[in-house]
Amino acid sequence: MQIQMLGTGGAFAKKYSNNNALIEVEGFKLLVDCGITLPRSLHDAGYSFNDLDAVLISHMHADHVGGLEEYAFQMMFRYGKKPVLYIADTLVEPLWEQTLRGGLTQEPLNALSDFFDVRPIKEGESYEIHPEIRVKLIRTDHIAGKLSYSFLFNENFFYSADMKFDGGLLKELIEDGVSTIFHDCQLVSPGVVHASLDELLTLPEDIQEKVWLMHYNDNMEEFVGRTGKMRFVEQFAVYEIKT
Ligand SMILES: Nc1ccn([C@@H]2O[C@@H]3COP(=O)(O)O[C@H]3[C@H]2O)c(=O)n1
Ligand SMILES: [Zn+2]
Ligand SMILES: [Zn+2]
């Protein structure tokens, strides 16, 4: 599968767009998270919302869901379609009640399912999004009292939601055959609600070799050469992931 980051920035980054991605297999395009800057970054990458086949959501922060209102409106009023939305079953209600309802509600439209073809998925179960794209949600720790789910694609590509450092999970994933990890990274410690670079540098080198850093702040260039064996993912570059 191919992955192109439409943005690689942290929530407050201005040089880099929100940390959202496009996964593509055989022409099928899966958007991974849809933040505030996504409508612009999707356009800059040469795509329209109508080019997307589905969206997958990790958690309720605006850099991950803030572009969904425009996605819904464009699909309804410009293209006359309901986009397919994969989301944890536990986040379906919060996405509507706490995030989208204010902007999208209009008589007689007053439910998430009026705008999206909602496909709720359960943590820990494998789902086929496309014959060549399977996803499993792994609940990972981000903010107290807030659910957040990282993604395991095709049993061997781990894409972190925003998450605190969890070295035990990363070691387990590698033991289970994961060969590529895209991980959020707070460059300056403490990480607080993200994995910090210092924490990620405590990983053994054979794991670091498999780690690509994303969701970074505008000072990323100061850290080039200071990330051990880990590499930065670059906005708009296309990466081929062997799965
Ligand atoms: N307890 C919190 C909550 C949030 N934040 C910051 O707000 C951002 C929201 O998007 P994010 O990408 O999860 O990153 C969060 C922190 O920068 C934070 O630093 N501490
Ligand atoms: Zn974020
Ligand atoms: Zn977050």
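Trainee: What does histidine 61 count as, by relative accessibility?
Mentor: Histidine 61 counts as partly exposed, at 24% relative accessibility, where buried means a relative accessible area under 20%, exposed means over 50% and partly exposed lies in between, with a 1.4 Å probe and protein chains only. Keep in mind that this is a predicted model, in which local features need pLDDT of at least 70 and side-chain atom pairs count only at pLDDT 80 or more, while totals for chains, interfaces and linings use all residues. Residues are numbered from 1 along each chain as its sequence is written, chains are lettered from A and ligands numbered from 1 in the order in which they are written, and side-chain values use heavy atoms, with hydrogens and water left out.

Trainee: And aspartate 162, buried or exposed?
Mentor: Aspartate 162 is buried, with a relative accessible area of 3%.

Trainee: OK, so what coordinates the zinc ion (ligand 3)?
Mentor: The zinc ion (ligand 3) is held at 2.2 Å by His59 through NE2, His61 through ND1, His142 through NE2 and Asp162 through OD. Donors here are N, O and S atoms within 2.8 Å of the metal (3.2 Å for Na, K and Ca), and water is not among the atoms, so a site may look incomplete.

Trainee: Where do histidine 61 and aspartate 162 lie?
Mentor: Histidine 61 is in the loop between strand E4 (54–56) and helix H2 (62–65), and aspartate 162 is in the loop between strand E10 (157–159) and H6, so the pair ties together parts that are 101 residues apart in sequence. Those elements are DSSP runs numbered from the N terminus, with helices (H or I) of at least four residues and strands (E) of at least two.

Trainee: Changing topic, how many residues has the largest nonpolar core?
Mentor: The largest nonpolar core has 57 residues, and Ile3, Leu30, Leu68, Phe153, Tyr159 and Phe182 have the most contacts inside it. Strand E5 (residues 84–88) gives the most to this core, with five residues. A separate, second core of 25 residues includes Leu173, Ile174, Leu213 and Tyr216. Such a core is a set of buried Ala, Val, Leu, Ile, Met, Phe, Trp, Tyr and Cys residues joined through side-chain atoms within 4.5 Å.

Trainee: What does leucine 68 touch?
Mentor: Leaving out residues up to four places away in sequence, leucine 68 touches Cys34, Val55, Ile57, Leu95, Leu100 and Phe116, with contact taken as heavy atoms within 4.5 Å.

Trainee: Now the backbone: which residues does a cis peptide bond join?
Mentor: One cis bond joins glutamate 107 to proline 108, and another joins serine 189 to proline 190, each with omega of about 0°. Proline 108 sits in the loop between helix H4 (92–104) and helix H5 (112–115), whereas proline 190 is in the loop between strand E11 (180–184) and helix H7 (197–200).

Trainee: Which residues have a positive phi although not a glycine?
Mentor: Glutamate 155 has a phi of about 65°, and phenylalanine 236 has one of about 75°. They are worth a look because most residues other than glycine have a negative phi.

Trainee: Where is each found?
Mentor: Glutamate 155 lies in the loop between strand E9 (149–153) and E10, and it counts as partly exposed at 42% relative accessibility. Phenylalanine 236 is in the loop between strand E13 (231–232) and strand E14 (238–240), and at 30% relative accessibility phenylalanine 236 counts as partly exposed.
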